[in-house]
Amino acid sequence: MSASLTLVVLMAIMYGTGVYVMLERSLTRILIGFLLVGNATNLLIFLMSGRAGSAPIVPGGEVAADTVDPLPQVLMLTAIVINFGVTAFILALIYRSWWLSNLGDEGDDVMSDEEKEEAIEAENADELQASLESDDTAVLEVLDEDEDHGDDDGPPATPEPSERERDVMR
Amino acid sequence: MILALLTFAGLVALTPLLTRILSTRVFYLLAVLPAGVFVYTLTQTATVLGGGAVTESVPWIPQLGIAFAFRVDTLAWLLALIVTGVGALVLVYCARYFSPSEPQLGRFATVLLAFAGVMYGLVTADDIYVMFMFWEITSVLSYLLIGHYTGRKESRGAALQALLVTTFGGLAMLVGIVLLTAEAGTTSIASLVADPPAGSGVVTTAVMLILAGALSKSALVPFHFWLPAAMAAPTPVSAYLHAAAMVKAGIYLVARFAPGYADTPGWIPVLVSLGVLTMLLGAWRSLRQNDLKLLLAYGTVSQLGFLTVVVGFGTRDTALAGATLLLAHALFKATLFLVVGIVDHDEGTRDLRELSGLGRRRPALAAIAIVAAASMAGVPPLLGFVAKEAVLTSLLEAADAWGWAALIGIALGSILTVAYSARFLWGAFATKPLPDEVEHHSAHHAPDPLILIAPAFLALATLALGILSPLISPFLESYADTIPTEPGSHGVYHLALWHGLEPALGISAAIIAAGLGLFALRKPFARFQRSLPHVFDAARDYIRIVRSVDALAARVTLFAQKGGLPQYIGTILLVVVLCLGAATAFNRTWPESIVLWDYPAQLFVAAAMAVAAVLAARATHRLAAVLLVGATGFGMVVLFAYHGAPDLALTQALVETVTLVVFMLVLRRLPTKIAQHNKPVRRGRRVVIGVLVGVTMGLVGIVALGAREAGTLTDELARLSYELGHGENIVNVMLVDIRAWDTMNELSVLIVVATGVASLIFVTGRNASIPRLRESRARRQGIARTRIVDDPHTADEAPAERQHSWLLGGRTLAPENRSLILEVLVRLIFHPAIVVSIFLLFAGHNMPGGGFAGGVLAGLALIARYLAGGRYELGETLPIGPGVLLGTGMLLATGTAVGSLFLGADVLTSAYFSAEVPVLGYISFGTSTIFDVGVYLVVIGVVLDIIRALGGEVDRQQAEAGDAAPEGSGDEHTDARDTGAVPVATTAPVNAETPATTSGGRR
């Protein structure tokens, strides 16, 4: 197989620029990057069919010698339509987030404030941890309390409510 | 067996409903099932007794050799009887234990019944992976049952502890199982035991890992702490799961593997030392408990250690003793828990310091408890005594170092057992002086005789089986006989109450005497216990370990997941660069030749595209960026067209046009400039990543071309599509026939996408209504021809017109937004466009075109109508919802797929009807054409959905916002307003750019 250097370089440029834009925080930019990377990927698949040739249409079943490999084309046709669908979906996302925030540019955003979000996450994690910890401590307390620490067979310092009482069964 | 499990599954599914109808009486009904399986298992007795086994098997994952294989031999038979018998009795007990007002009764009943079924599956499964599956399900169900009182902290904590500890062991076990089955080449437990793989490091490791799972499940040191904590569960659960059934799973596994693996290095030392340690520790702590239930729980820990030592020891006689002890323990410990439940139920307390005189008031209950506790202590003539005799004799026979160690440990543990058994009876039933303050606890509830059924039954079994032990001996011996007796041993042991004056009898007597003595001296002994420090506190270690894991996880998350989406994508891309880059760096395949360009025009097109891509990346205006990206897309069209890909060129051109229009529709509402609030940051880093990715992908492209060794399939595909697919356009035939599965999946994706878009924009549902002119309905009724329209926003402004307008919906637009030329053009071109789209659809089989291209073209025609006439025009043009189109399209596609099945062919097989038709000539019509029509309809549906959402609905929302803030109006792309302003209303759905793209779409 041989390659056309022009197409390879073009593909590399589209990948590079696409990734560059995609790494931004604006949803519109991410979409632009997505489109560029999408086209670049189509080009990559396209490259695999080799040099240019005649279309894979075979009148009367006669295959011309320079017919292009149809397989990459089939894959790409699917990819083009799916790309379109995803683009529309991201556009709807952009519109929706803008509409929700209704504050112009701020809605067009992946996240509002990095530091704030981090703090909230850390807080949530702490809360969860604290709640799990208190559950475990409760287990220990129950087990420890029941262990005989006081006088031999004497009455408990504070009568423990029983399982029954705590649930008020009947 | 499989039928029994399926019945369990069915009844479990019905239980919530049944509970709603029957309330607590549902437990009687549920008990019938385990009781039935108990009887069924009894019918297998004859086979099992002869040393045979009942087997069933249904393939599950044949590639891995995994099957739903079940096998009932003696050990499984014994366990199945215990599990179903105790299960049925505990369910009967539940009917009286719970009151109808118990919260979450349905869930409890469901989970408990499911547990019984799963436990039955666990002990009868022969495939080790199926066994493991049941094993893990019991852990989950146990979690749900321990955590039954969800409102209590200690319940939740205990449930989680049990789950974490047992699943940790389960994971270790899974690794062990995988190692062992890979080494042995079979997943059948019976074959694994009968024919163990030759001893090696791998086998030893595997066995140790499996033991870790078994020991964690059976609450042995150092995992023992979860079992006392699990007493937070309702008492029936403690009796069933944590005495008779689930904790026995570990013992069962040890017993199962002992015949084949007891000589594995480390097996005896690990089991004997941990078992003895657990027995002593559990009994020691049991003596310190004041809560009767916890006393029993630590007693269970102790007994599980005892059982592990005996069943793991691996001689024929210890196996017999172990099986007997297993049965005895299940019977007496379940009884004792049920008794504690009744005491708690009636007296309102389980604290032995608050109970007094119960033995006098409840003689029947006391009698039951005495039988069970005496069996636990090993008093004749009960089953516990028979078992203990067998244990002592068999260990004396073994007469090696570990045998002596086990014997001494068990004797010491048994002394403590006798002491805590006596303390239990004394604490629950004796008459003791009570301080006045706790008087109120007495006689909470009237005794309920029915609740005694289950414990009485179990106590009776303990007594009867003890006396009749010579009769049950042959049954249990058929398991023990799977272990060959060593030469020179004292003959084979049989269960009996009286073996003559043997050493074991003397030891038993000494143990009981010493235990009673210890009980008599309980006050000084308790003082002695208190004077010792806590030496072994696994529960606190557990908490420490779990905390540090939590903290580590939180730190890792904070470290790895900051920076938002850009960092995630960046990380992913860097990994791509590293992996692909490394792979290409070591590559030695390069293309045969590299040409600069295929044809000179390629260079110019590529250069233009590259410039557009770079500019798109730098553009700050939304519109500019979108147009530049569009330029690269149209550049692709040219490349495709020159390269021999007319289908691609056609589809790409149409799709690119639709994309641009849709972009415009959304952009008209967004601020002109991108990212006002999110200024681009870390530019240098992004440039580096971008360049790296670009270079890597370029290299990958070249290397991949060079690496391609096989020639193309073009000739073969051409033959297939012409001869079998009846089409000359290979690409289209592949889409609708050769690779039709792919296309069908793609259609599903498109439908999901369309639904996603619609639900993001139409918040309340896209099918609510299709905007129509009121007039069009009136016209159908033949009343009026020109009247007002529905739209409240434009009705006042738009003058009522006569019928001779070019587009019906046009009049709903404000006059300044209307373009007569556009309306005329659209009116003239719409129908030809639809005809062309249908032509593309049908011609696609032999020429460039097909369902995709045709569908997008039809979609474009609809878009043109919308652009010229507004959203009402869209409703007038196509008065059906996109859902209908999507559904019909998918139905056609799947219909052809499924239809071929009915005709006995494979999915998606196509059939053809050929005929000579006047005008059109020779026509070959195939089912694949119907498939293509499906594609066509789905694509139109998708475009329609998108245009209705991002076009029509956005117009409506804009008009609403315009009502709220009418100060801003006008074309937003020429409007240099500040960012951050309230959304500006424009009443025009068409702006300066869109007509241009429309005309582009009419090609």
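This tour moves through a predicted two-chain model, selection by selection.

**Conventions**

Residues are numbered from 1 along each chain as its sequence is written, while chains are lettered from A and ligands numbered from 1 in the order in which they are written. Because the model is predicted, local features need pLDDT of at least 70 and side-chain atom pairs count only at pLDDT 80 or more, whereas totals for chains, interfaces and linings use all residues.

**Colour by confidence**

The model scores ipTM 0.72 and pTM 0.67. The chain B average is 84, and 86% of the residues score at least 70. Next, select residues 778-803 of chain B, where the pLDDT is below 50; this stretch has 36 contacts in the model beyond near neighbours in sequence. Two residues are in contact if their C-beta atoms, placed from the backbone, lie within 7 Å. Residues 966-1003 of chain B also have a pLDDT below 50, with 74 contacts beyond near neighbours in sequence.

**Chain A, then chain B**

Display chain A as a cartoon: five helices and one strand are present, in the order β-α-α-α-α-α from the N terminus. Helices (H or I, at least four residues) and strands (E, at least two) are DSSP runs, numbered from the N terminus. Of the 170 residues of chain A, 50% count as buried. A residue is buried if 20 or more other C-beta atoms lie within 10 Å of its own, exposed if 12 or fewer, and partly exposed in between, with C-beta atoms placed from the backbone. Among chain A contacts between residues at least 6 apart in sequence, 50% join residues at least 24 apart.

Chain B has 38 helices and five strands, and 53% of its 1003 residues count as buried. For contacts in chain B with a separation of 6 or more, residues 24 or more positions apart account for 76%.

**The hairpin of chain B**

Select residues 54-61 and 66-72 of chain B. These are strands β1 and β2, which run antiparallel and are joined by seven bridges. Two strands pair if DSSP finds at least two bridges between them. B:Glu56 has B:Phe70 in β2(B) as its bridge partner. Four residues lie between the strands of this hairpin, and B:Gly65 takes a positive phi near 70°.

B:Asp126 counts as buried because it has 25 C-beta neighbours inside 10 Å. Leaving aside neighbours within four places in sequence, B:Asp126 has contacts that include B:Thr55, B:Phe70 and B:Ser188. The C-alpha atom of B:Ser57, 69 residues away along the chain, is separated from that of B:Asp126 by 8.9 Å.

**Two helices within chain B**

Select α14 (residues 292-313) and α15 (residues 316-347) of chain B, whose axes come within 9 Å and cross at roughly 170°. Axes are lines fitted to C-alpha atoms, for helices over the stretch in contact, and angles run from 0 to 180 degrees between N-to-C directions. The two helices are therefore roughly antiparallel to each other; angles under 35 degrees count as roughly parallel, over 145 as roughly antiparallel, 65 to 115 as roughly perpendicular and the rest as oblique. The contact of α14(B) with α15(B) has 14 nonpolar, five polar and two charged residues. Ala, Val, Leu, Ile, Met, Phe, Trp, Tyr, Cys and Pro count as nonpolar, Asp, Glu, Lys and Arg as charged, and the others, Gly among them, as polar.

**The interface**

Show both chains: 147 residues of chain B are in contact with 113 residues of chain A. On the chain B side, the largest share, 15 residues, comes from helix α29 (residues 683-707). That side has 80 nonpolar, 38 polar and 29 charged residues.

Select β1 (residues 2-4) of chain A with β3 (residues 593-595) of chain B, which pair in the parallel sense over three bridges. Here A:Ala3 stands opposite B:Ile594.

Finally, select α3 (residues 70-101) of chain A and α28 (residues 646-667) of chain B, which pack at about 0° with their axes 10 Å apart. α3(A) and α28(B) are therefore roughly parallel to each other. The residues of this contact divide into 15 nonpolar, five polar and one charged; among them are A:Phe84 in α3(A) and B:Val655 in α28(B).

Terms used
pLDDT is the predictor's confidence in each residue, from 0 to 100.
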